[in-house]
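Colleague: I'd like to go through this one with you. Can you put it up, and we'll start with the ligand?

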Amino acid sequence: MSQRSCLSIILAAGEGTRMKSAVPKVLHTIAGLPMVAHVVKAAEAAGSGELALVIGHGADEMRKAALKFAPRAEAFVQEKRLGTAHAVLAARAAISKGYDDILVMFGDTPLIDPQALAAARLKLAEGAAVVVVGFRTENPSGYGRLIEKAGKLVAIREEKDCSDEEKKITFCNGGLMAVAGRHALKLLDQVGSKNAKGEYYLTDIVEIAAAQGFDVVATEASFENALGINNRAELAQAEGIWQQRRRREAMLSGVTLIAPETVFFSHDTEIGADTVVEPNVWFGPGVKIATGAKIHAFSHIEGATIASNCDVGPFARLRPGADLRTKAKVGNFCEVKQAIVEEGAKVNHLTYIGDARIGAGANIGAGTITCNYDGYSKFFTDIGEGAFIGSNSSLVAPVSIGKGGYIASGSVITESVPDDALAFGRARQRTLPGKGKELRERFSQAAAARKKG
Ligand code: UD1
Ligand code: MG
């Protein structure tokens, strides 16, 4: 299979007005990745080397976005939206280069399974000229019906062109089609605008090819493969299915999810075996977790690297650049951003650590703040190995605390502290015996006098 060359054409010229959005429909995200990028990933996973993106509405924005998730894709603009066959022909220049396999996919059908693509390619390799990936549903309304005669696919009939009898067919066109490269242009060029709307249907190539004696085949895939997104309710439905798949995959690879339906992954979350994720955890993009970590309930994690046996949360927020080394601990109501927390260091309670390094085994007391920003620039705080930062301290960056340094509680540290030094950065305490009682009496008499007067 891998020796066969393959072009994937992804149709993404839909207007998407039902999303009620300034953003082109296919750039709306699932698990943090534009839905069209999910389709690109599936095409790549099925061994499709070349990619053509057919775009219309928001072409410039689409081109810019595609650079990120499909840098090698060639973009073709379909100026007028005249139907799916017309859209495919916008990529005529790419098709003409000559490929063994052509896959046609929709940019708004993000849950497509690479296995369904691979299965369709296999049929091409076996000699089929057109392969349609179908699915069965109890509610086929809106979908093109697959018309079979004597076990052979002979046509796809769009809902509005169906007879009452044909409307009862529950085997539907999922929208994914594979066409033998050497016949593709010939077949596509024969599609005329047969319908009332003057649209050129890609689906008509089935009837054309079948009538000319080509081998036309339908394969079957699950409903998700065909789930097209037209509004935000369907977007949420697709997100739900994606998350369900990912949770299952995580659990089967050795991750414990205590309440899987409350854990949300990003498209790129990496998570090692024997990690336990408690309920209500959110992973944003760019998270890598090694083995045996504990992610306690209600943590929000993005752009963070978490080494083995770390302990995070409950209620922790790890932001981009948080880099927790082996057995580090970041506890409740702590925020860590762009900071290395070295082996065994502890940041346990109510703390902000930003633009910093915390040396191995250091202990950061409750309420510690690295004051990293002066309103204009960010500055770095370096905390040495084994240092102890007393509770409620402010470390005003740039500043460094040496190895084994000891900071008294409530300090505001503005000057660097050498190794093993003890630093106080707070007012000295004064205790006046009996003064508390005296003060109370004075205040109560004053209040009584005010009431009388
Ligand atoms: C299409 C299929 C139908 C199938 C259904 C599955 C055709 C004629 N019909 O119907 O058999 O059951 O998908 O979801 O193919 N597009 C363009 N340019 C166009 C028209 C469409 O790029 O001129 C793109 C759209 O952005 C979309 C895709 O093609 O991504 C499908 O178009 P859509 O209008 O959604 O087709 P359906 O009516 O859903
Ligand atoms: Mg559709």
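Colleague: How many nonpolar, polar and charged residues are in the shell around ligand 1?

Modeller: This is a predicted model. The shell around ligand 1 has 8 nonpolar residues, 8 polar ones and 3 charged ones.

Colleague: And which residues come nearest to ligand 1?

Modeller: G14, Q78, G83, E158 and N173, out of 19 residues around ligand 1.

Colleague: What does the side chain of E158 do there?

Modeller: An N or O atom of the E158 side chain sits 2.7 Å from an oxygen atom of ligand 1. T84 also has a polar side-chain atom 2.9 Å from a ligand 1 oxygen. With G144 the polar atom belongs to the backbone, and the distance to an oxygen atom of ligand 1 is 2.9 Å.

Colleague: How much of ligand 1 does the protein bury?

Modeller: 85% of the 750 Å² that ligand 1 exposes when taken alone.

Colleague: Which pocket is that?

Modeller: The largest pocket; ligand 1 takes up that space.

Colleague: Which elements give two or more residues to the shell?

Modeller: They are β1 (6-12), α3 (84-89) and β10 (171-180).

Colleague: Different topic. How many aromatic pairs are there?

Modeller: The structure holds 7. One of them is F298 with F315.

Colleague: Why is the F298 and F315 pair called stacked?

Modeller: The ring centres of F298 and F315 are 4.9 Å apart and the planes are at 5°, so the pair counts as stacked. The cut-off for stacked is planes under 30 degrees apart.

Colleague: Where in the chain do F298 and F315 lie?

Modeller: F298 is in the loop between β18 (294-295) and β19 (300-301), and F315 is in the loop between β21 (311-312) and β22 (317-318). The pair therefore ties together parts that are 17 residues apart in sequence.

Colleague: Now the backbone. What is the peptide bond from G313 to P314, cis or trans?

Modeller: The bond from G313 to P314 is cis, with omega near 0°. P314 is in the loop between β21 and β22, and that loop also holds F315. Another cis peptide bond joins A397 and P398, with omega about 5°. P398 lies in the loop between β32 (394-396) and β33 (399-401).

Colleague: And K327, what is its phi, positive or negative?

Modeller: Phi of K327 is positive, near 60°, and K327 is not a glycine.

Colleague: Where is K327?

Modeller: K327 is in the loop between β23 (322-324) and β24 (329-332).

Definitions and conventions:
Residues numbered from 1 in each chain as written. Chains lettered and ligands numbered in written order. Predicted model: local features only at pLDDT ≥ 70, side-chain atom pairs only at ≥ 80, totals over all residues. Heavy atoms only, no water. Near = heavy atom within 4 Å. Polar contact = N/O pair within 3.5 Å; in protein donor to acceptor, adjacent residues only side chain to side chain. Areas by Shrake-Rupley, 256 points an atom, 1.4 Å probe, with all protein chains shown as cover. 1 Å grid on protein atoms, 1.4 Å probe; cavity = no way out; pocket = protein on both sides within 12 Å on 5 of 7 lines; lining within 4 Å. Sits in = over half its atoms within 2 Å of the grid points. Helix = DSSP H or I, 4+ residues; strand = E, 2+ residues; numbered from the N terminus. Nonpolar A, V, L, I, M, F, W, Y, C, P; charged D, E, K, R; others polar. Phe/Tyr/Trp six-rings, centres within 6.5 Å; stacked < 30°, edge-to-face > 60°.
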